[in-house]
Every structure is written in structure tokens, then in C-alpha cells.
Amino acid sequence: MKNHPRSSAFISVMRHPVATSFFCKKLAVFPSFSHIRVGFLLLIVFSLLSCSKKLSPEEIEAQRLLELARLEEAIQNAKNAAISEYVSSLSDEVKISQLFLVNIEGNQKYSAVEKTGSLYGKAGEGNPLVPGGVLLFSYNISKDPLETFEYIKSIRDFYLENENLPPYVAVDQEGGDVNRLRGLTSVLWAQKKVADSFSLEGASALYSAQARQMKNLGFHMNLAPVIEVLTEKNQDFLDTRSFGNLEAVLSYGEVAINSYEENEIAVVLKHFPGNSNADPHIGLPKIEYSTGEWDSYLKPFEVLLPKSTAMLMSHAIVLPEESPAQGENFRENLKRPACFSSYWIQEVAKKQFGFTGLVFSDDIFMGALAKNGYPPEKAALESIKAGVDVIMLSEKRFGGVAGILLSKAKEDPDFAKEINRAAENVIRYKIKAGILELIEMDDGAEEKSQMKNSLLPTSNEKIPAFTLRVNPNYKEFDLKKFDDDYKAGMKAFEMSK
């Protein structure tokens, strides 16, 4: 039976290039249903085989695509397992440290300011305690690019000397007033001025040159851009930090994101889901908006979050009159600052907008929290429970807060799972940033070859094995490249419209 109607119908769809592309993309959307999906696909292949003595070229291609989908899924599952195993192998002290982005001291040579004993109320005892990410401010940065590079390199060296995982290095480099690299990298205007003065092509050149300079200096991440639409309700706080109206935010925001990400600087979009005129450093912002204002607050995040590595949660309490899609915890979550709200993180950012990256809290020492019943220890607990991956601190010591999280994890298995979830997400980012390497173990090569040459799993077939290690390669500073990129940034700046 060469042309069974059902198999022919399937093949007729599969032979169409657009349909094939659509079909394959859909396979990757639901990883949690991996076994069901692969089983369904294999059932289709068995149907094709049973209905045809000799396979047509289209049927062979369909089998190949299904086999590749199964192989890709198996490999991804193996990578996820390796990451989980790696996180499980970390000491409590190293694991909990991955959940913090902390400011540090110095600008010449790095050293830790506290020890692991501070996690247990024994300050001064134990090994150096260092965060998973370090946030540099202006006083950490020299006006000399080589000195800045050497200081950043000394951070990595200190971590390795003390048998720890190297951190990612982040900075607030929005431009304008929030410009930590002023006088070191090429001129970077505030976002509003960029949108008003540059074409999209000019903005791309400006941000791309900035990203290349940052990469050369040793940075991994930029806590920018701000993608909130400027309105009467937030202009006192945001001012020139926003690109402006919705159209400007969507167009220039995408340019900024692509310029940084394509040059290996991860962006952290902020501040989701928005701010009011109240300064969160001083008081708790509250936002009330009507259904007609939905786009003004959330449209940029809906469009741009899937393009970014990370997002930063605001401390605002956001109170829409109604939401296009209300989760089951909608009412309860709206009464809480957004960084403690599983509704905003899980329901909106992840489920509705498709965001899969790292979730950062804003600084938990801000007055918006501390003066409204959320001291840092409580703020950290609530953030992690809501789905935050990284707690940001402007303070240089985090051991006391981290110790609270450790104690909670030891008495609450569900919270321990949240700690592991967050740590695994940080490790995934460190792999993406090239800080860690996920490599295939040699003894998995033969099994992988067998998988490529077989359609169905066999009793002796194994998933390829992976392991993690610190990337031994670290690029030295390239002064000529830095100078060239600086000049490119200045040229772009001079060509503003």
C-alpha cells in the first residue's frame, strides 16, 4: 500500500518548506511535554513505515527531521541534567552566592570584604565569601582602560585562587546621568537625547561601539536600557532615562538591545512593569492605570523582553483596572511590590510575554522596601519565592541576607527548590557569557554517533554525557581595538542628526 491517504496527507504537509519550518519550530515550544511529543512523532513515523514498502524521498526527509528533533531534545535534556548536577555539587556557600549581584570595593586589585562565616553569624571566620555577580560603580573604574581591565581581571583571578566560580561583571551604562564609564568609553548621551538626535542607524553604531569597548574591558552585562514609555505619571522620576513615547521606545529600545547582545554584552531591561513619579530610593511607587493605558506600560516589555538576556523588576505596586489575562493569584499579587509578585513575573513576563531569561530584583536596600515593611532579609525571601533569580544589593556585604535564605532552604524543601532553580538559571547565563563551558564528555561520543544513525532508541543507547568547567580562555586587553572602537563611537556621536 504505497499511498495510504493519511500518510500521503502527512507527507504533503511535510514536503512544503514553510509548513516543515512551522512544524519543527512547534516541537521546541513545549519542553515539559518532551516524552509525549517525541512519542507522538515516532508514532507518525511507524504509521508511515507500515503504510509503505518503499519510502519516498519526502518520507525519508520526514524521518530525518523527526530523528533530528529527538536527538536535539535528548541532547538538551542531557545538558539540563548536567547543569542540575553541577549546581547540586556546589557547596551551600557557593550556591547561595550565585543569587547575588553586589557592589564591590577598590579599583586596583580586588579582595573580598567578608567570609563564609557571615552566613552563619560568625563574621571573620571561614573562606572568602564572594557574590555570583559584581556590580561596578564609577569609583571602581579608572579613567585608564588598561587599569580598568586589570582590575576586572583581578576579580576573576581572586575567585579562581580561592576555588570559586568566576563572576559576571555588570555595570549601569544607560548614558546621560547614569553613565559609569564616562571619560573612559566614547560619549553616550541619555536615552531620550539619543532618540531625539540619532537615526536608528546612528543609534546602532553608537551602542555597538559602546558594547565593543565594554566587552574589551571585561564587562559581561549592562543594566540597561530603560524601556518604559515616558508619561506624565513617571516623567519626574525617569526624565531623560526613557527613549520617550511608545514608538520611540519600541524602535530605539530594539536597536539598543540588538547592539549590545550581538556584541556579547547582555542587557537587563528595566524596570518591569514600570515606575511612577515617586523615587523608589525614597518611597514606594504606586501605579494606577486604565485599560487604555495598558500599551503605555506593558507593550514595550511584551515586544522586547523575548529579545533580551535579563530583566530587572521594579519595586512599584502596579494597579491596573483590569488585565487582558488575569492569573489565579491576580488580586493578591497586585497588593505587593512587583519584585515580590509571582503574577508579574510568572504570569505576565514568562507565560504571556514568553520571557525565558534571568530575573533581577532592583536594589533591596532601597527606601521603597525598607520603609514599607520589607527589610532586606524579608525582601530577599519574598523575591526568590516570586521567581526572582538574582538579588541586587548596593551594599558590599551580603552574607547576612544570604544566610537567611540558606536557613529557610534547610527548613523548607519547596524554598530549597527555588534556590536551586535560581542558581541553575545563573549558571545557564554564565555558560552563555562564556564564563563556564558546557562540554561533551569523551565517553559520550560513540553513543551520540549511534543516535544519529538510528531512528528509535535501543536498549544499549545512551544520551550523550556533558560536564561543566570554568572556561580557561580569557582574552587579554587589546589597546588598538579599544582605540578603534572608541573612535567609532565618537564618529557615531558626531553624526547625530
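Q: Which residue takes a positive phi just after helix 13, and of about how many degrees?
A: This is a predicted model, where local features need pLDDT of at least 70, side-chain atom pairs count only at pLDDT 80 or more, and totals for chains, interfaces and linings use all residues. Residues are numbered from 1 along each chain as its sequence is written, and side-chain values use heavy atoms, with hydrogens and water left out. Just after helix 13, the positive phi belongs to G354, at about 75 degrees.

Q: Which residues of helix 13 are buried?
A: Buried means under 20% relative accessible area, exposed over 50%, and partly exposed in between, with a 1.4 Å probe and protein chains only. Helix 13 covers residues 342–352. Its buried residues are Y343, W344, I345, V348 and A349.

Q: How many helices and strands are in the chain?
A: Both are DSSP runs numbered from the N terminus: helices are H or I with at least four residues, strands are E with at least two. The chain has 19 helices and 14 strands.

Q: What percentage of the chain counts as buried?
A: The chain has 497 residues. Of these, the buried share is 53%.

Q: Which residues have the most contacts inside the largest nonpolar core?
A: A nonpolar core is a set of buried Ala, Val, Leu, Ile, Met, Phe, Trp, Tyr and Cys residues joined through side-chain atoms within 4.5 Å. The largest has 111 residues. A second, separate core has 19 residues, including M221, L312, L358 and M392. In the largest core, the residues with the most contacts are F100, L136, F219, F272, M313 and W344.

Q: Is L181 buried or exposed?
A: L181 sits in the loop between strand 5 (178–179) and helix 7 (191–197). Contact means heavy atoms within 4.5 Å. Leaving aside neighbours within four places in sequence, L181 is in contact with I141, V171, Q173, Q210, M214 and F219. Its relative accessibility is 0%, so L181 counts as buried.

Q: How many Å apart in space are L181 and S138?
A: In sequence, L181 and S138 are 43 residues apart. In space, C-alpha to C-alpha, the distance is 6.8 Å.

Q: What is the relative accessible area of H220?
A: H220 lies in the loop between helix 8 and strand 6 (221–222). Leaving aside neighbours within four places in sequence, the contacts of H220 include P167, Y168, E264, Y429 and I435. H220 is buried, with a relative accessible area of 13%.

Q: Is helix 8 roughly parallel or antiparallel to helix 19?
A: Axes are lines fitted to C-alpha atoms, for helices over the stretch in contact, and angles run from 0 to 180 degrees between N-to-C directions. Helix 8 (residues 200–217) and helix 19 (residues 479–494) pack at about 155 degrees, with axes 8 Å apart. Angles under 35 degrees count as roughly parallel, over 145 as roughly antiparallel, 65 to 115 as roughly perpendicular and the rest as oblique. Therefore helix 8 and helix 19 are roughly antiparallel.

Q: Is helix 10 roughly parallel or antiparallel to helix 11?
A: The axes of helix 10 (residues 246–261) and helix 11 (residues 294–304) come within 10 Å and cross at roughly 25 degrees. That angle makes helix 10 and helix 11 roughly parallel.

Q: Which residues of helix 11 meet helix 10?
A: From helix 10, the contact uses L246, V249, L250, G253, E254 and I257. Their partners in helix 11 are D295, K299, P300, V303 and L304.
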